[in-house]
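Here is a briefing on the model shown below. Keep the sequence and the structure side by side while reading.

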Amino acid sequence: MSLAKRTAPRFAWFTLSGLLALSFLVAIAFGSVDLSIVDVVRALTGQPLEGYGAAIVHSIRLPRALLAASVGAILAISGAYLQGLFRNPLADPSLIGVTAGASVGASVAIVFGAGGLGFVSGLSLVSLGAFGGGLLAVWLVYKVSSSINGTSVATMLLMGIAVSALAASLTGLMDYFADNEMLRRLSLWRMGGLDGANYWRAGIAAAVLLVMLLSMGGFSRALNTLLLGESQARHLGVDVERLKTRLIILVAGGVGVSVAMAGSIAFVGLVVPHMVRLWVGPDHRLLLPLSALGGASLLLLADTFARVVIAPTELPVGLVTAILGAPFFISLLKSRRDLQ
Amino acid sequence: MNKTSQNTPDKGVLTIENLSVSIGSRTLINNINLAVDAGEVLCVIGPNGAGKTTLLRTIGQDLTPDSGHISFAQQPLTRMAPRARARQLAVLTQHNPLTFAFTGREVVALGRSPHSTGVVIDDDICQAAMAALDVSHLAQRLYPSLSGGEQQRIQLARVLAQIWRAEDASTSARLLLLDEPVTSLDIGHQHQLMQAVREFARTDVAVVMTVHDITLAGAFADRIIALKNGECIAEGSPHEVLTESLISHVFDTPVSIINHPQTGKPVVLGATETGTTV
């Protein structure tokens, strides 16, 4: 029916917060060595444990869970921002080429700069490179595919293909010219998903997440009016150009850091805001924070699944989200076509 | 009789002097002068491409004029801060693409976003605006599922809610710009919407609207201006502007004009289709 069926905001807040807490505990408890929830809570609160439990929690699983949660939340917020910017619920960082652009930026940074630097400054440089590449990609896609009537899905996705193809060829070019040492570094970075997690990576991701969380309050009302259309938002007193510039920079920053810290993880930015929107409606004052909670939970669960399903080896988490996300995206496309 | 000449300074909301707009080498609007008072409904008529929408978009600051001045309550409109402007100038554009599933009520509430008047007052205003346009029953419906006419009325309720109260406007002058607000509506809702706009104008809001239906403009406008090729051909009361010779000239088609049997307002009839050329 066309009557709005919405979940009460308080219930959604409660459920998603609970889900995040639960996913966090599950992510720490499960792995190639299973710990009990009691042990996890004891380890987290600093009480001594028998065996290697405490070490596993503190040096392996906790930083990884923190990184997964931060990256998941960043990707979900980035997706919601992009969808608001493009006024199109099908925008996603990986589909429109932002992730690919960020990967090129990160590769450039790895090949040309990061070698001579220490671990932390190298990581920051890779993040900066990914940020630059992502920025270029969003800007390009936005310039080409947006018009006064919003953005056409077709143009947006085609631009995504074009940008991704360009990114792939640039990456290939870099592989071609890279020497042995650079190649080794590149392939190490490409393999490193969340399993490269440590407190430094988690800390950088958390810092960027914090910026995005702080930005939400100021953006949500303006984004709501932007959904009406650009000139409509301007007539409602929104400085549209400034809003768009800030959104593009934030999305590039978020996707860039997530790519630098955890590699390319697709579809989180598409699936999570979409589910939340079905639940509580498109109001960004709810959509943004709830997407952050949902994204963090989803990536924690996906990562746990990736670690457990063929333990003791693990799947890249990007594979798991893609296996979940691609059919979801196809069904979205189909339902939109049926509507028209 | 031209109302412009009787303009008292405190009633004047919008004054346009020598306004010209062009895109590339094409002149869309040429040297337009206009003044609109509080409480007045001004209808802009003219054939397709005459510059009606361009005029409205220029007043609404979507287009930058080549020359001329637009002042709002004796201030240059361009110098007003966006937020302050939004509190006293509301615009309903011709196309309102919104595909996100807001409820009718949420769309109307977006009109209150330039204000910080608090939830209680905003709720009352949204309810009043929705009641005025007979869309209260659409409050919980999802906007994308509404018919074109229902969407249009919701959007109008949104822009009315935006400038609903005089005390929210810093200069207490309020201006409503409507671009073809009735085009997708049936005759009943056309009249109801025009009536709602008239009543809204009575709360001392100046209204400038483009209307395709000349008869509708004649029935509801205080004043009409006729545009052709970007120039103002005529300005005055409905009876002054809606004459057979003038309308035939503006629209390049013969018309007959009779007076409405009940209201006495001019009714414009196309004369070609009957075969009797004037």
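**Briefing: helices, sheets and contacts**

Helix 4 (residues 98-112) of chain A has 15 residues, which at 1.5 Å a residue should span 21 Å; its end C-alpha atoms are 21 Å apart, so the two agree. The expected span is 1.5 Å times one less than the number of residues. Helices (H or I, at least four residues) and strands (E, at least two) are DSSP runs, numbered from the N terminus.

This is a predicted model: local features need pLDDT of at least 70, side-chain atom pairs count only at pLDDT 80 or more, and totals for chains, interfaces and linings use all residues. Residues are numbered from 1 along each chain as its sequence is written, while chains are lettered from A and ligands numbered from 1 in the order in which they are written.

**Helices of chain A**

- Helix 4 of chain A is mostly covered, with 14 of its 15 residues buried. A residue is buried if 20 or more other C-beta atoms lie within 10 Å of its own, exposed if 12 or fewer, and partly exposed in between; C-beta atoms are placed from the backbone.
- Buried residues in helix 1 of chain A are A:Leu16, A:Leu20, A:Ser23, A:Phe24, A:Ala27, A:Ile28 and A:Ala29.
- An α-helix has 3.6 residues a turn, so residues three or four places apart point the same way.
- The buried residues of helix 1 of chain A pack against helix 2 (37-44), helix 3 and helix 12 (284-308) of chain A.

**A:Thr155**

- A:Thr155 belongs to helix 6 (residues 153-177) of chain A.
- Why is A:Thr155 classed as partly exposed? Because A:Thr155 has 14 other C-beta atoms within 10 Å.
- Leaving aside residues up to four places away in sequence, A:Thr155 touches A:Val144 and A:Ser145. Contact means that the C-beta atoms of two residues, placed from the backbone, lie within 7 Å.
- A:Tyr176 is 21 residues from A:Thr155 along the chain, and their C-alpha atoms are separated by 31 Å.

**Sheet and hairpins of chain B**

- In chain B, 4 strands form an open sheet in the order 2-1-4-5, with antiparallel pairing. Two strands pair if DSSP finds at least two bridges between them.
- Strand 2 (26-37) and strand 5 (75-76) of chain B are the edge strands, each pairing on one side only.
- Strand 1 (residues 12-23) of chain B pairs antiparallel with strand 2 of chain B over 8 bridges. B:Leu19 has B:Ile32 as its bridge partner in strand 2 of chain B.
- Strand 1 of chain B is also joined to strand 4 (residues 67-72) of chain B, by 5 bridges and antiparallel. Here B:Thr15 has B:Ser71 as its bridge partner.
- Strand 4 and strand 5 of chain B pair in the antiparallel sense over 2 bridges. B:Pro76 in strand 5 of chain B is the bridge partner of B:Ser71.
- These two strands form a hairpin with 2 residues between them; in the turn, B:Ala73 has a positive phi of about 50°.
- Strand 11 (residues 255-259) and strand 12 (residues 266-270) of chain B run antiparallel, joined by 5 bridges. B:Ser256 stands opposite B:Leu269.
- Strand 11 and strand 12 of chain B form a hairpin with 6 residues between them, and B:Gly264 in the turn has a positive phi of about 75°.

**Domains of chain B**

- The assignment gives chain B domain 1 (1-88 + 169-251) and domain 2 (97-168). Such bounds come from an automatic or database domain assignment.
- The centres of the two domains, taken over C-alpha atoms, are 23 Å apart.
- In domain 1 of chain B, 20 residues are in contact with 16 residues of domain 2 of chain B.
- On the domain 1 side, helix 6 of chain B gives the largest share, 5 residues.

**Nonpolar core**

- Which residues touch the most other members of the largest nonpolar core? They are B:Ala129 and B:Val207, in a core of 200 residues. A nonpolar core is a set of buried Ala, Val, Leu, Ile, Met, Phe, Trp, Tyr and Cys residues joined through C-beta atoms within 7 Å.
- Helix 3 (residues 53-86) of chain A gives the most to this core, with 19 residues.
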